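Trainee: I would like to learn how to read a few features off a model. Please take them one at a time.

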Amino acid sequence: MDVDVVTFGQYMRPTKRHLKVEKYVTPDEFELWKQRAMDMGFLYCASGPLVRSSYKAGEAFIENVLKKRAAGNATASDALNQALVADADNKDALQ
């Protein structure tokens, strides 16, 4: 899997017939998720209450992904795979 961009947004109830919002995520929480994504090696992260998966997609691709790939950074998928292995190891250690 080769993933360089990740987005985090808030579910907003479009009508009363849809599921209720159980929790509103704070700006500080969105910032923590953004930092975690960047620490994992994603080349770009959009994180906020109004962010959607297409949020500034072209801008992110042009300004961040190409720039960081040109600099020779490893892909975010490498960092994600390492994090998944670490999480699995932690779960095994707890059992």
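Mentor: Cys45 sits in strand E2; helices (H or I, at least four residues) and strands (E, at least two) are DSSP runs, numbered from the N terminus. This is a predicted model, where local features need pLDDT of at least 70, side-chain atom pairs count only at pLDDT 80 or more, and totals for chains, interfaces and linings use all residues. Residues are numbered from 1 along each chain as its sequence is written, and side-chain values use heavy atoms, with hydrogens and water left out.

Trainee: Is Cys45 buried or exposed?

Mentor: Buried means under 20% relative accessible area, exposed over 50%, partly exposed in between (1.4 Å probe, protein chains only). Cys45 has a relative accessible area of 4%, so Cys45 is buried.

Trainee: Which residues is Cys45 in contact with, leaving aside neighbours within four places in sequence?

Mentor: Contact means heavy atoms within 4.5 Å. On that basis Cys45 is in contact with Val6, Phe8, Lys34, Ala37 and Met38. Phe8 is 37 residues from Cys45 in sequence, with 7.8 Å between their C-alpha atoms.

Trainee: How many bridges join E1 to E2?

Mentor: Two strands pair if DSSP finds at least two bridges between them. Here four bridges join E1 (residues 5-8) to E2, and the strands run parallel. From E1 the chain passes through helix H1 (residues 27-40) to E2, a right-handed β-α-β crossover (with the strands pointing away from the viewer, the path from the first strand over the helix to the second runs clockwise). Ser47 also belongs to E2, which spans residues 44-47.

Trainee: How is an aromatic pair described?

Mentor: By the distance of the ring centres and the angle of the planes. Rings of Phe, Tyr and Trp (its six-membered ring) pair if their centres lie within 6.5 Å; planes under 30 degrees apart count as stacked, over 60 as edge-to-face and the rest as tilted. The count here is one aromatic pair. Phe8 and Trp33 have ring centres 5.8 Å apart and planes at 40°, so the pair is tilted. Phe8 lies in E1 and Trp33 in H1, so the pair ties together parts 25 residues apart in sequence.

Trainee: Which side chains meet in a salt bridge?

Mentor: Side chains of opposite charge can pair when their charged atoms come close. The criterion is a side-chain nitrogen of Lys or Arg within 4 Å of a carboxyl oxygen of Asp or Glu. The structure holds one salt bridge, between Glu29 and Lys23 (2.5 Å, N to O). Glu29 is partly exposed at 24% relative accessible area, and Lys23 is partly exposed at 48%.
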